[in-house]
Structure formats: C-alpha cells, structure tokens
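User: Hello! I have a model open on my screen and would like to walk through it with you, one question at a time.

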Amino acid sequence: MYIIAEGLRKSLELIFALDPEILGIVFVSLKVSLIATLLATFAGVPLGFIVGINEFRGKKIVTVLLNTLMALPTVVVGLFVYAFISRQGPAGAFGLLFSPSAIIIGDLIIGTPIIAAFTLSAVQGLDQKIHMTATTLGANKLQVAMAILAEARFGVFAAIIAGFGRVIAEVGSAIMLGGNIKGYSRTITTAIALETSKGEFGFGFALGIILLTVALSINILFHYFQKKKG
Amino acid sequence: MSEPLFELKNLKKSFNSRDIFDVPLLELSQDKIYAIVGPNGSGKSTFLKILNTLEKPTSGTVLFRGKDLFHSSHAGNMKKEMTMVMQNPYLFNTTVFKNVAYGLKIRNVDRKTLKKNVEETLELVGLSHLKNRRVVNLSGGEIQRIAIARGLVINPRVLFLDEPTANVDHPNVRLVEEIILKIKEEKNTSIIMTTHNQSQAHLLADKVLSIINKNITDTYYENIFQGEIKKSNGVSIFSKNNIEISLSSDKTGKAMISVDPRDIILSLKPFDSSARNSFQGSIKKISEIKSQIKVVVDTGLEFSIIITKESCHDMRLTIGKEVFVTFKTSSVQVYY
C-alpha cells in the first residue's frame, strides 16, 4: 500500500514540476501517434468510405475482415514489421528499426482497420435517401460522394478519434519496433513498462495518469461525435 | 402548340418480372400542374423516379422536350432541369439555409446570387425565420416546405412532388397546397405530383391522371368498389351491399370496378333513358372543386358525381335531398 501511495505522491510531484524527461516522453508519444493517425486517416477513411457506398461481391467478407483486423494483436504487427525492416529484412536498407518511424509504421497498420471499420459503419448507418436527394438536385457522382461524406462527418471524426485512442495506448509493437530508446523512441506506454520493471512507480504512475487523461479526453470527444452522428 | 414536356412511348417498368406499369403513349404539356392519383403500391413514385431518371424503365422511350432522356448525349444537362421532392424528404444535417442552397452550390453559383435566391425562395415557402436554424425538431410541414424550397431554388423546368402532403400535419397541408399554386403563378415551372387524395388532385392540378390497370390515363380514379361479378341471363352484374350494377365484361368472380364521376347523371326524378344503372339515394356531401361541384350520394354505395355549378344551383341541391344517379354499363371500368 505504501508503495502505491508513495508512487502517487511522487507522480504528482513530477507532473506539477513539469519534469523534462516526462515531457519529452509525452512529446514523442503524441508526435508518433498523431502522425500515425493522420496517415491511417488517409488510408482508412477512403477505404471504409468506398466499401461503404459501393455494392459489390465480397463486401461482407471485406467488412468481416476489417472488423477482425480491429482486434489485431499488436505484438503480431510488431513481429511482421520487425521482420520487414530489420537489417536482413526486405526494407532493412532504410535503417528504420528502433526509430519513431518504425513505431509509426506499426501504428499505421494497427490504426487503419479501426478507422476504416468505423468509417464503414458510419456510412452504412446513413439514410439511403442522401444519394437520391443529391442526385435529383443535380449532383454528379463526385458531388454525391461528397454529400454522403459530409453527412457521415461526425461518424468519421469518431472513427479517427478511436484510431488515435488505440495507437497512443498501444505498447506491444512500439516496444518491439521503437526499441524504447531514451529521448528518442521512448513513448508513454513503453516507458511505463520499463519503469515498472525497474520499480520506479512514481515515474510510471505519472505517465499512467497522463495517458489516462489523454484517454479520457479522447473518449469524451468520441462520445460527443457519436452523439452528434445519432 | 408548343412541344410536349414529356412524351412516353411504350414505357414499361417491371420488378422481379412483375409489371408495374405499361404505358403505350402519354404526353405531358409544359407549364401545367399534373396530379397522378392511384392507390398505394400502384407505382406512382416509380413513375416520377423514371421521369427524373432516378430509375431506368425496363423498356420504352421517354422524350424530354423532344430528346431521348435515357439515350441522349444531353442527358446530363436535361437531368439538371428537373428535380424531385420525395415523400419523406431527407434534409442534410446542417442549417435550413445550407440545405436550400445545395443545388446552387453544386452549380457554382456566385455567393451573392446564391444568398439572394435562397432568401427569396425561403420567403416564397414562408420559412425565412428558420433560415439559420439547424434542421432538427422541425415539423413534417416545415421539412416538406424546406425540401420544396431546395428544389425550387434551382429554378427547374420540372418539379416532381411525390405525395407532398402525405407526411404533413393538418394545418400545414393547406400551406403546402398554397405554395404549389403560388409556384404555378410565379414561376415558369411545370409540376408533376402524385397524391392519393382525389380532392387535392382536383384542387391543384390542371390535369388529373390515374394509374389504372398499369396504364396512366386521364380517367377519373373514383367510385371504386370491390365486389363480385356474376352472369345472369347473359348480363354481367356486379353486386355489393345489395346494389347490383350492370356492366359489360367477360370476367366473373371477385372484381374491382370504377365509375367515372363525370359519366354519372344526377336527377331529381327517375331518369328515363337507355342507361341500365339507376339508383336512388340521399346527398351526403357537396363540395366545390375548382369551378365544378362534387356531390356524394349514398345509395347503399357512395357515388361521387361531378356537375357544374349551374346544375347544382338549378336543382337546389342540399344535404339529405333524395336524388337519382344514373349511368350506362359502358361507364363501368372493370379491373382484375
């Protein structure tokens, strides 16, 4: 009990003192997650949208596949990307292993199916009359698609936020691909794992509190957009 | 005479090999209000969707101002000259103003003209005060009027209205009807609407068309009865509520019939004529439809009869008065 109380006290001290090491870790974490989410948005939103608005053979299979990929084990992603970018791997020449870029690649693979699946669900949940309404008012195919996307906007925002929430809290692939290098590729989650194993609870708690605050903010935003969507 | 707005030739539409309608020939003129009446499921909405190119016909030709609507290189431009307001209109999740502005925005109309046109159209439908409101918590009547404004703002040559008052609360029905009449007066727009309300069709339209037996004709779709046809001494008799109507048909068994209210003669005394159907009854309702009078007579079956104002005045018709309704066997249309 004492360890926990002492840890919490120390964590608050570190947070309020704006400890430079903690700030550095939070910065790396936010940078990596934001870039990965942005890239996953460019990949996932069009993917989910195109699957959502078109009827084609195999649509159900694609939907099931995307939903399955949402639960992709991050260590498996870490393993595959590691094999790909390690020195002996096909992309070994780029020297990406144990860098923030490597974490971003892993997070991109983890985040894309989440954003695509939520976008798909947002588009499919829309009123079927949008297409006909825009068409009868003179919209061409692209303008119809834009009208549908505009109507799905709150659902799409919610999808992006869900993607960000997943990648910032992810630890498996970040530790395997980033290497947890201090001041370079150490993220909030990988730092918590390390500090806990060292018995530095104060440091771990401080990062944990920050991560929980981020997660809470993300959830509030997610619910805000979900409500707007409904 | 000006070129017809629409010309339909051998137009067929079927779903899952079931024919919805089959129109050998139909012409619709410009600058008129047409009302298409018919029961639910008769294909009224599908008909509008085909004219608006939202659905393709199974076969046949639709000419729009002389050009093939489905196989012309100008099809894209022709589509932009017409728009449809659906029965349950979808409003985009934004403000009333942006909804109405949509058609102008995708036509790249400059901001100043767009603002002016949207404001004028909102005024025409009496909703200027809702301009900046988001489209939540609106009544059925308000939604319908916004949707009409959204269609009207692009100044279409043809405005299709699918059951414009079906989802509108009672006080708003009159408002929507007035807007339709106002569009006719103030705009250069032809209106083709569907309705299941006969009185509304006659109140608003220059011409009422009915979907009967999968065809679209200008026969009145009124005085519809369901009953049974039997042959008696070589004569076909339709019976319902102890009333027997003579008709000419080879069909027997369950059937639906209709009698055009313009083909029925109303008289105060038994009418001595060759017409085989004559029934006595009392007047239940008298209403004015445009410049004519519709009289409903209860003979055991209720018959609607259209007469002139002068006849109504001369005969001094009042509710409850005993009268005779007379019509020929050939005035009876038989369905299935």
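Analyst: Let us begin with a term: two strands pair if DSSP finds at least two bridges between them. Helices (H or I, at least four residues) and strands (E, at least two) are DSSP runs, numbered from the N terminus. This is a predicted model, in which local features need pLDDT of at least 70 and side-chain atom pairs count only at pLDDT 80 or more, while totals for chains, interfaces and linings use all residues. Residues are numbered from 1 along each chain as its sequence is written, and chains are lettered from A and ligands numbered from 1 in the order in which they are written.

User: Thanks! How many bridges join S3(B) to S9(B)?

Analyst: These two strands run parallel. Within the pairing, Ile36(B) stands opposite Leu209(B) of S9(B). The number of bridges that join S3(B) to S9(B) is four.

User: What is the strand order of the six-stranded sheet in chain B?

Analyst: This sheet is open, and its pairing is mixed. Its edge strands, each pairing on one side only, are S6 (82–85) and S10 (215–217) of chain B. Neighbouring strands are turned by 20° against each other on average, direction ignored. The order is S6-S7-S8-S3-S9-S10.

User: Which residue is the bridge partner of Ile211(B) in S10(B)?

Analyst: S9(B), residues 207–212, and S10(B) pair in the antiparallel sense over three bridges. Ile212(B) stands opposite Asn215(B) of S10(B). For Ile211(B), the partner in S10(B) is Ile216(B).

User: Which residue takes a positive phi in the hairpin of S9(B) and S10(B)?

Analyst: This hairpin has two residues between the strands. The positive phi there is near 50°, and the residue that takes it is Asn213(B).

User: How many of the six residues of S9(B) are buried?

Analyst: A residue is buried if 20 or more other C-beta atoms lie within 10 Å of its own, exposed if 12 or fewer, and partly exposed in between, with C-beta atoms placed from the backbone. S9(B) is mostly covered. Its count of buried residues is five.

User: At what angle does helix H5 of chain B run to S6(B)?

Analyst: Axes are lines fitted to C-alpha atoms, for helices over the stretch in contact, and angles run from 0 to 180 degrees between N-to-C directions. Contact means that the C-beta atoms of two residues, placed from the backbone, lie within 7 Å. Helix H5 of chain B (residues 140–152) lies across S6 and S7 of that chain. Its angle to S6(B) is about 175°.

User: Chain B also has a sheet of four strands. Which residue in S4(B) is the bridge partner of Lys9(B)?

Analyst: That open sheet has the order S2-S1-S4-S5, with antiparallel pairing. Its edge strands are S2 (18–28) and S5 (67–68) of chain B. S1 (residues 6–15) and S4 (residues 59–64) of chain B pair over five bridges. In S4(B), the partner of Lys9(B) is Thr61(B).

User: How far apart are the centres of the two domains of chain B?

Analyst: The domain bounds come from an automatic or database domain assignment. Domain 1 covers 6–217 and domain 2 covers 224–331. Taken over C-alpha atoms, their centres are separated by 35 Å.

User: Is Thr308(B) buried or exposed?

Analyst: Thr308(B) lies in strand S18 (residues 302–308) of chain B. Leaving aside neighbours within four places in sequence, Thr308(B) is in contact with Gln292(B) and Ile293(B). Because 11 other C-beta atoms lie within 10 Å, Thr308(B) is exposed.

User: And Ala158(A), is that residue buried or exposed?

Analyst: Ala158(A) is found in helix H8 (residues 153–168) of chain A. Ala158(A) has 25 C-beta neighbours inside 10 Å, so this residue counts as buried.

User: Which helix gives the largest share of the side of chain A that touches chain B?

Analyst: Twelve residues of chain A are in contact with 16 residues of chain B. The elements giving two or more residues to the chain A side are helix H6 (129–136) and helix H7 (141–151) of chain A. The largest share, six residues, comes from H6(A).

User: Last one: which element of chain A has the highest mean pLDDT?

Analyst: pLDDT is the predictor's confidence in each residue, from 0 to 100. Chain A has a mean of 93, with 99% of its residues at 70 or more. Among its elements, helix H1 (residues 2–16) has the lowest mean, 84. The highest, 97, belongs to helix H5 (residues 100–124) of chain A.
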